[in-house]
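Please keep the sequence and the model in view while reading.

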Amino acid sequence: MIVSASYRTDIPAFYGPWLMKRLQAGFCRTASPYGGPPATVDLSPAAVDGFVFWTRNLGPFLPNLAAIRAAWPFVVQYTITGYPRALDAATIDPDAAVAHLHDVARAFGPRAGVWRYDPIVFTSLTPPEWHRATFARLAGKLGGAVDEVVVSVAQIYRKTARNLGAAAKVHGFEWWDPPAGEKQALLRDLAGIAAEEGLRLAVCAQPDLLAEGVGAAACIDLRRLSDLAGRDLAVPRKPHRPDCGCWASRDIGSYDSCPQGCAYCYAVGGRAAAKTRLAAHDPDGEFCG
């Protein structure tokens, strides 16, 4: 089993102490986002093949990575976009995040980290030319630390539209969802920039955006984890949604528990409620968030 920690919340940034205690206990519990009783997830070394960590701030969790690696291979999916504060209210400075990925590469090799430039949001603050310039600057700093960058274009779910609309009203910007042709044109340019820095660009679960130089991503990637483990791991392929390239995993996070306040977030209904939930979190408890 691959454990995903977590695309529902930022466990490395906010819930690292909880996770380390759950690894000592050998299990955690998760609430189903679809209703029904909670589930128990076995976190023993015999049950877990590896971890995929999703984060926008690895700093608080960096000291734990050596202990994790002593028992399991892991991959860090690290989102670094450099968005303005109107879109990312509380993410860390992108240069600090870049330094974290270099730390991971030095300690565990360049296969241990994946840069995520996602989701790509089209706004009057971040038009296509802004994305090209910002992506090029970040790619130039990340060459040698990672070998892949995963991108996606924001999918406008109900929460996403509500959060973007609220932020736009407060900060005075406009946002839009352009046609596929405009998205493809941008991704082709980003793929060329990435290739110049030795990075493969892959798009996450959006086959309509595949183009020359733009491959399909597998964010829960058994091949990468097997390379890091130095042996072939046996986990079935199981996409999370149509057109997803991932292998089977169990996510142990909780929705509505990340307080970073990203205006386009699909996993949080509102930042204030997420901050309240984090403040009430019990690091000795069985549930994340």
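Q: How many residues does helix 5 have, and what distance does it reach from its first C-alpha to its last?
A: In this predicted model, helix 5 runs over residues 128-142, which makes 15 residues. At 1.5 Å a residue a reach of 21 Å is expected, and the distance from the first C-alpha to the last is close to that, at 21 Å.

Q: Within what arc do the buried residues of helix 5 fall, seen down its axis?
A: The buried residues of helix 5 are His131, Thr134, Phe135, Leu138, Ala139 and Leu142. Seen down the axis of helix 5, these buried residues line one face of the helix, because they fall within an arc of 135°.

Q: Which elements do the buried residues of helix 5 pack against?
A: The buried side of helix 5 includes Phe135 and Leu138, and beyond the helix comes Gly144, with a positive phi near 95°. The buried residues of helix 5 pack against helix 4, strand 6, strand 8, helix 7 and strand 10.

Q: Which exposed residues does helix 7 carry on the face turned away from its buried side?
A: In helix 7 the buried residues are Lys183, Leu186, Leu187, Leu190, Ala191, Ile193 and Ala194. Seen down the axis of helix 7, they fall within an arc of 165° and so line one face of the helix. The face turned away from that buried side carries the exposed residues Ala195 and Glu196.

Q: What is the order of the strands in the open sheet of eight strands?
A: The pairing in this open sheet is parallel, as in the case of strand 8 (residues 148-153) and strand 10 (residues 200-203), which are joined by four bridges and in which Val149 stands opposite Leu201. Strand 11 and strand 12 each have a single partner strand, so they stand at the edges. The order is 11-10-8-6-5-4-1-12.

Q: What is the relative accessible area of His100?
A: His100 is found in helix 4, and among the residues it touches, not counting those up to four places away in sequence, are Asn57, Leu62 and Tyr78. His100 is buried, with a relative accessible area of 12%.

Q: What is the omega of the peptide bond from Asp118 to Pro119?
A: Most peptide bonds are trans. The bond from Asp118 to Pro119 is cis, and Pro119 lies in strand 6. The omega of this bond is near -5°.

Q: What is the phi of Asp256?
A: Most residues other than glycine have a negative phi. Asp256 lies in the loop between strand 12 and helix 9 and is partly exposed, with a relative accessible area of 28%. The phi of Asp256 is a positive value, near 55°.

Technical notes: Residues numbered from 1 in each chain as written. Predicted model: local features only at pLDDT ≥ 70, side-chain atom pairs only at ≥ 80, totals over all residues. Heavy atoms only, no water. Pairing = 2+ DSSP bridges. Helix = DSSP H or I, 4+ residues; strand = E, 2+ residues; numbered from the N terminus. Expected span 1.5 Å × (residues − 1). Buried < 20%, exposed > 50% of the residue type's maximum accessible area, 1.4 Å probe, protein only. Arc of directions from axis to C-beta. Contact = heavy atoms within 4.5 Å.
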